[in-house]
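Hello,

Here is the structure I promised to pass on to you. Have a look at it first, and my notes follow below.

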Amino acid sequence: MPKRKSRSPSPAALGVLAVSALALFLVGEALLLSASESGQLTLARRFGFGQQARITRLVGRQLRRGLTAAGIPVDSVSESTLEGADPPVRWRVGLRPGTSLLQTNYAVTRTLERHGAVVLRGQEGWTRDGAQVVTLVVGLPRRPTHQLRLVRVPENPAHPSPAPARLALVLYGFGEDLAAADSFFVLPVPFAVALMPGQPGSAPMFRAAHRRSREVVLHVPLEPINYPQVNPGPGTLLVTMKPARISSELRRYLGQADPVAAVANHMGSLATQDMTVMKAVYHELKRSGLPFLHVTPAAGAVCRSLAADMGVVYREPDVIVDGETGPDATRALDRRWSQVLELARARGRLLVMMRATPRHRAWLPRILEHERLSGVALVPLSALVHKPAPL
C-alpha cells in the first residue's frame with residue numbers, strides 16, 4: 001500500500017502564521033513599553049496611542065524633571081489653562097537674575113527627549129520691563145501639550161549681580177564605538193564633542209553627534225615625534241605630504257564632519273613644529289572660517305605665532321581633565337571640578353577638555369547641580385571661541 005505524502009503548509013497558511021507572530025511580537029513590545037511613562041510616550045509618539053489628557057500629564061511630569069535637573073525650584077512654576085489655545089496648558093517659570101537660560105533650556109530639552117517627548121518649537125524675546133524670555137512649545141509631534149515660558153527677571157539696578165563666568169566643555173577620546181559615544185551624546189549636559197576623521201566609523205559618529213545637536217570639533221590626527229611607533233591612527237597628516245595634499249585631505253575631513261565649530265590637533269608634536277604643514281592647515285581653516293584649538297602644545301610649535309600672521313583664531317584649552325582611577329575616583333572628580341569652577345570664576349571664562357570615559361559618563365550629570373554652578377554658566381564652545389570671517 002503506497003505511503004501518503006505529507007502535505008506542506010500552503011503559502012496562505014504561512015502568511016497567516018507570519019502575521020500572527022508579528023502581531024504577538026508587537027503586542028508584547030507594546031505591553032513592555034506601556035509599563036513605564038517613557039514607554040507610554042514612545043507608543044503615543046510612534047502610533048498615536050493614548051488620550052490627550054493622559055499624554056499631557058505625562059509630558060508635564062517630564063517637564064518638572066527637566067526643571068529639577070536645571071536646579072529650578074518647584075515654587076518658581078505657575079500653571080494656567082487657556083481654553084481654545086494650542087496648546088492649552090501654559091507654564092510660567094520665573095528664573096532668578098544670573099540663571100542661565102541656555103542651561104535651563106538644555107536640561108528641559110534633553111530630559112524630554114530621553115523620555116519620549118520633544119520641544120516642537122521655541123523663540124527668544126524680551127518683556128517691556130527688561131526680562132529675558134524663552135518660550136517653548138513641547139509635547140509630541142502634531143500633539144503639543146504645553147507652552148513653557150522661561151522668564152529671567154531683570155537685575156535690581158541698585159544691587160546688580162555680577163555676570164556669571166562662562167565655561168565651555170569639550171569631550172574627546174570616543175574611539176570607534178558608536179553606541180558608547182551616543183550614550184554620551186544623549187546626556188542632558190551642554191558640551192561639544194571632539195571627533196576624529198579618517199576612520200571607518202567617522203561618518204556615522206559625526207551624524208550621531210549632529211543628530212543630538214552637539215557642536216563638533218574636528219580632531220585631526222597630525223604626525224607626532226617617533227611616528228609610526230607613536231601613531232594617531234588612520235588618516236594622519238604627515239610632514240612628508242605636499243601642502244596641496246594636506247589641504248585636500250583636511251578639506252575632505254571638514255566636508256565629512258560639517259558643520260564644524262573648531263579644528264583641534266590629535267597628537268602632532270612633530271607636525272605642529274613644521275611651518276609648511278601648519279601653513280597648509282591654516283590656509284584651509286582661514287578659507288573655511290574656523291578657529292584652531294591647540295591641545296597640549298609642543299615646546300617648538302609654530303601654531304600660535306603663525307595663527308597671528310595668517311589671521312586664524314587660536315585658542316588653547318585652559319584645563320584638560322583625564323580619567324580618574326581608583327576606589328575614590330568620584331570624589332577626586334568632584335574635587336577636580338570644584339577647582340575648575342573656582343578657576344572659571346577667577347578668570348571669567350574657561351575652556352575645558354575632558355576625556356570620555358565610562359566613569360565620566362556616570363559622573364557628568366552632576367555638574368548641572370545648581371549649587372555647584374553658582375557664578376558659572378555652561379555655554380556652547382562657539383560662544384567662547386569665536387570664528388573668524390571666512391575667505
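Let me start with aspartate 328, which is partly exposed because its relative accessible area is 36% (buried means under 20%, exposed over 50% and partly exposed in between, with a 1.4 Å probe and protein chains only). Aspartate 328 pairs with arginine 335 in a salt bridge, with 3.8 Å between the closest N and O atoms; the term stands for a side-chain nitrogen of Lys or Arg within 4 Å of a carboxyl oxygen of Asp or Glu. Arginine 335 is partly exposed too, with a relative accessible area of 47%.

Before I go on, please keep in mind that this is a predicted model, in which local features need pLDDT of at least 70 and side-chain atom pairs count only at pLDDT 80 or more, while totals for chains, interfaces and linings use all residues. Residues are numbered from 1 along each chain as its sequence is written, and side-chain values use heavy atoms, with hydrogens and water left out.

The overall picture

The protein chain has 391 residues, and 45% of them count as buried. Its secondary structure comes to 12 helices and 14 strands, taken as DSSP runs (H or I of at least four residues for helices, E of at least two for strands) and numbered from the N terminus. Among contacts (heavy atoms within 4.5 Å) with a separation of 6 or more, 67% are between residues 24 or more positions apart.

More salt bridges

The structure holds 14 salt bridges. One of them joins arginine 366 to aspartate 334, with the closest N and O atoms 2.9 Å apart. This pair links distant parts of the chain, 32 residues apart: arginine 366 sits in the loop between helix H11 (358–363) and strand S14 (376–378), and aspartate 334 in helix H10 (residues 329–347). Arginine 366 is partly exposed at 30% relative accessible area, whereas aspartate 334 is buried at 15%.

Another joins the side chains of arginine 64 and glutamate 79 (3.9 Å, N to O). Arginine 64 lies in helix H3 and glutamate 79 in strand S1 (residues 77–81), so the bridge ties together parts 15 residues apart in sequence. Arginine 64 counts as partly exposed, at 36% relative accessibility. There is also a network of salt bridges that links Arg251, Glu284 and Arg287.

Leucine 63

What does leucine 63 contact beyond its neighbours within four places in sequence? The partners are Trp91, Val108, Leu112, Val138, His146 and Leu148. Leucine 63 lies in helix H3 (residues 52–69) and counts as buried, at 0% relative accessibility. Between leucine 63 and leucine 112 there are 6.8 Å from C-alpha to C-alpha, although they are 49 residues apart in sequence.

Helix H7

Helix H7 (residues 243–257) has 15 residues and should span 21 Å at 1.5 Å a residue, which agrees with the 21 Å between its end C-alpha atoms; the expected span is 1.5 Å times one less than the number of residues. Its buried residues are Ile246, Ser247, Glu249, Leu250, Tyr253, Leu254 and Ala257. They lie on the same side of H7, because they cover an arc of only 165 degrees around the axis, as given by the directions from the helix axis to the C-beta atoms. The face turned away from that buried side carries the exposed residues Ala244 and Gly255. What do the buried residues of H7 pack against? They meet helix H6 (202–211), strand S8 (216–222), strand S9 (262–267) and helix H8 (275–288).

The cores

A nonpolar core here is a set of buried Ala, Val, Leu, Ile, Met, Phe, Trp, Tyr and Cys residues joined through side-chain atoms within 4.5 Å. The largest has 64 residues, of which Leu167, Phe185, Leu218, Met278, Tyr282 and Leu364 touch the most other members. H8 gives the largest share of this core, 6 residues. A second, separate core has 25 residues, including Ile55, Val108, Ala117 and Leu136.

Backbone details

Two cis peptide bonds may interest you. One joins tyrosine 227 and proline 228, with omega about 5 degrees, and proline 228 lies in the loop between S8 and H7. The other joins aspartate 258 and proline 259, with omega about 0 degrees; proline 259 is in the loop between H7 and S9. Methionine 267, in strand S9, has a positive phi of about 60 degrees although it is not a glycine.

Best wishes
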